[in-house]
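Have the model open in your viewer as you read.

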Amino acid sequence: MIFNSDLISFTASVAFILIYYLYLKLKLKHNPEQSNVHTFNAQIRKQWVYKIMGNDSLSIVAIQTLRNSVIAANFMASTSILLIMGALNLGDKTKQLQLLLPFNDIISVSSADTWQFKLGLLLLNFAFAFYCFSMATRFFNHVGYMISLPVDNNLIKQTSAYLNKAGSYYSLGIRTFFFSIPIILWFFNPYFLMLGTLILIAWLAALNKVPL
């Protein structure tokens, strides 16, 4: 059974994340003209597809760009698998590591059930990241076939949708990596989870702004 401090920290952290994304959704709903980095990137990818499919001389650029995107997504998917294996191998040694840290006076030792829950959540986080990067690779591959076909308005729209789907999966996988940081901090102290979540949300809020 999860200790009260762990339960409170976990519930509060989930609430912080839900409130943040609800705020983003409401902000975009009331101010659709004010784009964030996600909508801006989606518009850029759409314009890129229209530019590439409307100019045969840019086919080499399209191939190189999509190849780089596939390589990046494959690399991150492989990294997710390595992190899963690393978490499984080091999961039973983390308690020993806690005792060796110089600030072990603020370390909170969890029960076996709580420990397993934290480890399972970390593994689920990396597994979801692997899924996102794998799906990104899948859609990037589809775009590679579609973008070289004869120009057709419906095909251009479909290609844009596929490319934006790939970009969304890749972005979600990256952010899933970010969320592993508070979970890792949770192994050492329940309140580190809340602190890490708040810092991460502030960081995501900064990343969500379109650079000027």
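Where is the place of threonine 137? Threonine 137 sits in helix α5. Before going further, please note that this is a predicted model, in which local features need pLDDT of at least 70, side-chain atom pairs count only at pLDDT 80 or more, and totals for chains, interfaces and linings use all residues. Residues are numbered from 1 along each chain as its sequence is written, and side-chain values use heavy atoms, with hydrogens and water left out.

**Overall picture**

The protein has seven helices and zero strands. Read from the N terminus, its elements run α-α-α-α-α-α-α. Helices here are DSSP runs (H or I, at least four residues), strands are DSSP runs of E with at least two residues, and both are numbered from the N terminus. Of the 212 residues in the protein, 38% are buried. Buried means under 20% relative accessible area, exposed means over 50%, and partly exposed lies in between (1.4 Å probe, protein chains only). Contact means heavy atoms within 4.5 Å. Among contacts between residues at least 6 apart in sequence, 81% join residues at least 24 apart.

**The nonpolar cores**

A nonpolar core is a set of buried Ala, Val, Leu, Ile, Met, Phe, Trp, Tyr and Cys residues joined through side-chain atoms within 4.5 Å. The largest one has 20 residues, of which Met53, Leu66, Phe140, Ile147, Leu163 and Tyr169 touch the most other members. Two or more residues of this core come from each of α2 (37-53), α3 (59-90), α5 (112-146) and α6 (153-186). Helix α5 gives the largest share, seven residues. Another core, of 15 residues, lies apart from it and includes Ala77, Leu119, Leu123 and Phe133.

What is methionine 53 in contact with, leaving aside its neighbours within four places in sequence? Its partners are Met146, Ile147, Leu149, Val151, Leu155, Ile156 and Thr159.

Two packed helices are described by the angle between their axes and the distance between the axes. Axes are lines fitted to C-alpha atoms, for helices over the stretch in contact, and angles run from 0 to 180 degrees between N-to-C directions. A crossing is left-handed if the near helix is turned anticlockwise from the far one by less than a right angle, and right-handed if clockwise.

| Pair | Axes come within | Crossing angle | Hand |
|---|---|---|---|
| α1 and α6 | 12 Å | roughly 155° | right-handed |
| α2 and α6 | 9 Å | roughly 140° | right-handed |
| α3 and α6 | 11 Å | roughly 35° | left-handed |

With the axes of α1 (residues 4-30) and α6 crossing at roughly 155°, α1 is roughly antiparallel to α6. Angles under 35 degrees count as roughly parallel, over 145 as roughly antiparallel, 65 to 115 as roughly perpendicular and the rest as oblique. In this pair, Asp6, Phe10, Ile17 and Tyr21 of α1 meet Arg175, Phe179 and Trp186 of α6. That contact has five nonpolar, no polar and two charged residues. For these classes, Ala, Val, Leu, Ile, Met, Phe, Trp, Tyr, Cys and Pro count as nonpolar, Asp, Glu, Lys and Arg as charged, and the others, Gly among them, as polar.

Where α2 meets α6, the α2 residues include Arg45, Lys46, Trp48 and Met53, and the α6 residues include Leu155, Thr159, Ser160 and Asn164. The residues of this contact divide into nine nonpolar, eight polar and four charged.

**Single residues to look up**

Back at threonine 137, the relative accessibility is 10%, so this residue counts as buried. Beyond four places in sequence, threonine 137 is in contact with Val70, Ala73 and Asn74.

Lysine 46 lies in α2 and is partly exposed, with a relative accessible area of 43%. Leaving aside neighbours within four places in sequence, lysine 46 is in contact with Ser160 and Asn164. Lysine 46 and threonine 159 are 113 residues apart in sequence, yet 8.5 Å apart in space, C-alpha to C-alpha.

Is isoleucine 199 buried or exposed? Found in helix α7 (residues 190-207), isoleucine 199 counts as exposed because its relative accessibility is 53%.
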